[in-house]
Amino acid sequence: LLVIAPAALAALAVGACAKKEPDSCDSTMGLTQEEIKTRSSLGYKDRSADPNKHCIDCEQYLPPPEKDQCGTCKVLKGPVHTKGSCNVFTPKR
């Protein structure tokens with residue numbers, strides 16, 4: 001028990017510190033009204049209703065520098081969630 005306990009505690013500490021993806025990326029703060037309108041007209045949703053269409057699998061998606069941050073998109077401005085989607089989803093080749 002004395003040998004296993006420190007290893008288990010270390011594993012828990014590493015898991016607790018692991019970065020995870022953000023809960024939401026639908027903030028439009030800092031965007032112009034035109035950018036917000038484009039985002040809306042393209043039907044961006046923070047969570048895709050189609051399991052086969054997620055931003056992370058789209059040609060237009062640009063990943064964030066850190067996993068716990070939102071990505072961006074070549075087509076619409078503002079933060080983009082890995083599990084989001086919009087009407088111009090283009091699968092990666």
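Visitor: What does the side chain of Ser48 reach?
Guide: In this predicted model, where local features need pLDDT of at least 70, side-chain atom pairs count only at pLDDT 80 or more, and totals for chains, interfaces and linings use all residues, the side chain of Ser48 reaches the backbone oxygen of Asp50 at 2.9 Å. Residues are numbered from 1 along each chain as its sequence is written, and side-chain values use heavy atoms, with hydrogens and water left out.

Visitor: And where is Ser48 found?
Guide: Ser48 sits in the loop between α2 and β1, with helices (H or I, at least four residues) and strands (E, at least two) taken as DSSP runs numbered from the N terminus.

Visitor: Is Ser48 buried or exposed?
Guide: Ser48 counts as buried, at 18% relative accessibility; buried means under 20% relative accessible area, exposed means over 50%, and partly exposed lies in between, using a 1.4 Å probe and protein chains only. Leaving aside neighbours within four places in sequence, Ser48 is in contact (heavy atoms within 4.5 Å) with Lys53, His54, Lys83, Gly84 and Ser85.

Visitor: Lys83 again, then: which residue forms a salt bridge with Lys83?
Guide: That partner is Glu21, and the closest N and O atoms are 3.2 Å apart. Glu21 lies in the loop between α1 and α2 while Lys83 lies in the segment after β2, so the pair ties together parts that are 62 residues apart in sequence. A salt bridge here is a side-chain nitrogen of Lys or Arg within 4 Å of a carboxyl oxygen of Asp or Glu. Both ends are partly exposed, Glu21 with a relative accessible area of 24% and Lys83 with 39%.

Visitor: How many salt bridges does a search of the whole structure find?
Guide: The search finds 2 salt bridges, and one of them joins the side chains of Asp46 and Arg47 at 3.6 Å, N to O. Asp46 counts as buried at 12% relative accessibility, whereas Arg47 counts as partly exposed at 39%.

Visitor: Switching to cysteines, which ones does a disulfide join?
Guide: A disulfide, meaning a pair of cysteine sulfur atoms within 2.5 Å, joins Cys25 to Cys70, with an S to S distance of 2.0 Å. The two cysteines are 45 residues apart, with Cys25 in the loop between α1 (4-17) and α2 (33-41) and Cys70 in the loop between β1 (61-62) and β2 (72-73). The torsion about their S-S bond is about -90°, so the disulfide is left-handed.

Visitor: Which residues are in the largest nonpolar core?
Guide: The largest nonpolar core has 9 residues: Cys25, Leu42, Tyr44, Cys55, Tyr61, Cys73, Leu76, Val80 and Cys86. A nonpolar core is a set of buried Ala, Val, Leu, Ile, Met, Phe, Trp, Tyr and Cys residues joined through side-chain atoms within 4.5 Å.

Conventions
A polar contact is a pair of N or O atoms within 3.5 Å; within protein, one must be able to donate a hydrogen and the other to accept it, and residues adjacent in sequence count only if both atoms are side-chain atoms.
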